[in-house]
Amino acid sequence: MSSSRLVSWAMLCVWASWVGGLQAIAAESLGAWVPDALTILLLSLTAELDDRDVPKACVVLAFARLAFTVEPAEATLCGFLTLGAFALGVRSVAEASGALVRTLWGGTAVLLFSGWLIFVHAARSDFALELDWTRALPTAASSAVFALCCGPLLRRLPGLSPLWRPRW
Amino acid sequence: MTLTRQKTIWFVCVLCLCVLSLRPEPFVERVLGVFFAPTRVLAALASPLSVFDDEVQAAAPQVEALERRCRTVRDRYREIARPPATLLARGAVAIEAEVEGRAERSRDTLWIRLATAEGVRPGVPVVCGEAYVGRVLALDPERPRRARVELLTGADFRVGAAVESGNRRSDMVCGGLAPRASGADRSLRLAVHHPSDRAISEGEVRVAEPPALVLDDEDARLGDGFLLGDLFPLQAREGEEQRLALRPALDFAAGLFHVCVLVPPERAPSRVPPIEDLFEEDAWLAGDLILQGELSAWRSGRKLSLGSGRGARAGGAILRDARFLGRVERAGATLSDVRLLSDPGFSFPALAAIDGEPCVLGRLVSLGFDEARGRVRFRMQRDAPLSESLPAVLGRASVSATLFTGAGERGVPLGLFVGDTTLATRAGTQVIEVELETPGAGEVFVRRPTAEVAP
């Protein structure tokens with residue numbers, strides 16, 4: 001791996017850490033309406049990364065998410081790897097960086113990921129808790145708006161361009 | 001469609017992680033804890049963001065006052081749990097012990113932590129106040145002052161007993177559970193075996209071990225006179241013999257926090273040390289909550305800067321300013337996950353101080369933070385009304401109470417402050433609300449594993 005790519009992966013760790021930290025702090029005041037910025041960052045990256053780099057990005061962003069959440073590591077990693085696989089499928093059939101696609105895909109991905117984490121939490125409590133999927137709806141809605149407004153910005157974060165796949 | 005090797009590995013990893021997410025394996029969790037150890041670096045990178053935190057530290061006099069309240073409640077509960085001197089036969093000595101939890105595979109076996117193990121042998125009785133609880137099964141060879149206790153509710157447990165009615169007496173054997181009633185009253189009932197006089201069907205049943213025929217086990221007789229429960233007749237089917245059962249004197253399901261082990265005077269220590277102070281420095285490890293916030297909006301948790309390498313263990317209570325904030329859920333290599341009281345599904349054993357008197361509530365389960373009311377909601381279930389534990393509340397529909405932690409779980413000591421609430425005095429399930437502050441980043445204390453706390 002070239003040194004520029006190594007630096008880029010390190011920069012991704014730094015950016016992911018700050019995005020996660022800001023998201024955690026915003027969650028205290030915005031509650032369920034805070035957009036899932038880390039997941040949107042993952043989807044923005046998968047629109048540009050080479051196929052072989054997508055799993056690595058999923059693992060790096062899982063590291064960042066686990067620094068600010070008590071969700072289990074298995075569930076977080078499983079969710080991000082699954083989203084990465086779906087993202088590759090989405091970009092093979094549509095322009096993933098387009099406004100409509102990134103909005104719809106962003107909202108749907110966050111809804112699926114949040115729903116998965118809610119399900120895991122309920123399962124680990126032996127379903128003594130009520131499965132309330134609606135708790136994920138505000139996050140999914142705000143994440144869709146965030147993807148629309150900030151998706152291109154996330155792809156332009158300094159230091160990440162050596163990771164992008166070459167375009168014809 | 002051909003699958004590349006990378007896609008196959010990807011798919012298999014996702015499948016394994018999916019299964020492990022739903023059915024966690026402790027070994028895998030430990031491995032992942034080590035694998036994700038570098039998350040500490042990422043958390044540290046975001047630590048400058050804690051300037052946005054608005055946590056206000058309580059003043060030292062307030063904290064000291066709260067600590068005194070906690071100690072008062074704890075000492076009062078311990079006083080209630082001590083046996084009356086009139087029941088201590090032949091100069092028996094009562095050694096205090098805090099309940100640490102139930103055995104993994106048997107709810108009828110308790111783990112207790114003794115003030116001292118000197119003089120304690122398998123077979124000695126265990127009591128709580130006037131009530132008989134069970135017997136010591138074994139001392140833990142690996143951890144000092146820790147013992148297993150078999151409860152009276154155990155299927156194979158038997159103890160000699162007697163009930164008196166006027167100048168008549170019925171001897172019997174008690175132990176194990178009787179079938180639950182099919183009606184509204186679903187409380188535990190103890191089984192009665194071989195009563196010598198079935199005509200006596202009510203009264204207080206107390207321990208009365210017969211003189212041993214073969215083995216002279218005088219230890220068992222130290223429990224003579226302690227209360228087992230109230231005798232009553234079970235509804236018999238036509239043609240069946242009248243059966244009897246006991247309403248237990250204690251809430252065995254959720255109410256055992258503090259017990260005493262009886263030892264004969266010839267083996268008793270010359271001085272019984274007290275249970276360690278609730279806020280003793282050696283019992284707590286200092287750590288930090290990293291950032292105020294949780295990425296999953298439906299959860300309520302924090303990351304703790306202490307990992308298993310520095311002594312954090314799953315289940316350890318989190319304390320700040322004498323307040324119970326939550327518990328360590330998972331102790332990773334460098335960071336630990338903390339579940340706060342407002343995390344849905346979080347549960348803990350609870351004690352209420354009502355008009356200064358402690359009353360066991362059982363287990364509270366968090367239903368999460370109610371944003372509309374600004375309070376954390378808990379579900380509480382009681383089989384009996386509060387007036388059975390505290391006669392002073394008889395006639396009142398609701399009472400103001402202060403919640404504290406109960407014992408019965410490793411890592412959570414008895415007596416940590418939770419918050420103030422209003423309780424309905426009726427039996428059954430109720431939802432209570434507690435005003436709790438959301439903890440920000442900053443210093444907290446984590447309960448050290450009890451085996452490491454010096455006696």
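Mentor: In chain A, the mean positions of the 12 positive and 12 negative charges are 11 Å apart. Lys and Arg count as positive here and Asp and Glu as negative, while His and the chain ends are not counted. Each charge is placed at NZ of Lys, CZ of Arg, CG of Asp or CD of Glu.

This is a predicted model, in which local features need pLDDT of at least 70 and side-chain atom pairs count only at pLDDT 80 or more, whereas totals for chains, interfaces and linings use all residues. Residues are numbered from 1 along each chain as its sequence is written, chains are lettered from A and ligands numbered from 1 in the order in which they are written, and side-chain values use heavy atoms, with hydrogens and water left out.

Chain A contains 6 helices and 0 strands (DSSP runs numbered from the N terminus: helices are H or I with at least four residues, strands are E with at least two). Its order from the N terminus is therefore α-α-α-α-α-α. For 168 residues, a compact globule would have a radius of gyration near 15 Å, and the 15 Å of chain A agrees with that (taken over C-alpha atoms; the rule is 2.2 Å times the number of residues to the power 0.38). Along the principal axes, the C-alpha atoms of chain A fill a box of roughly 50 × 30 × 30 Å.

Buried residues make up 61% of the 168 in chain A (buried is under 20% relative accessible area, exposed over 50%, partly exposed in between, with a 1.4 Å probe and protein chains only). Among the contacts of chain A with a separation of 6 or more, 71% link residues 24 or more positions apart (contact means heavy atoms within 4.5 Å). The accessible surface of chain A is about 6800 Å², and carbon and sulfur atoms hold 70% of it (Shrake-Rupley method, 1.4 Å probe; for residues, only the protein chains shown count as cover).

Now chain B. It has 5 helices and 24 strands. For its 455 residues, the globule rule gives a radius of gyration near 23 Å, and the 25 Å of chain B agrees.

Strand E24 (residues 442-447) of chain B runs antiparallel to strand E13 (residues 284-290) of chain B, with 6 bridges (strands pair if DSSP finds at least two bridges between them). In this pairing, Ala286(B) stands opposite Phe445(B). E24(B) also runs antiparallel to strand E15 (residues 317-320) of chain B, joined by 2 bridges, and there Ile318(B) faces Val446(B).

Arg74(B) sits in helix H4 (residues 60-81) and is buried, with a relative accessible area of 3%. Beyond its neighbours within four places in sequence, Arg74(B) has contacts that include Glu98(B), Glu276(B) and Asp277(B). Asp343(B) lies in the loop between strand E17 (336-340) and strand E18 (347-354), and is buried at 0% relative accessible area. With neighbours within four places in sequence again left aside, Asp343(B) contacts His121(A), Trp298(B), Arg299(B), Ser300(B) and Ser366(B). His121(A) leads back to chain A.
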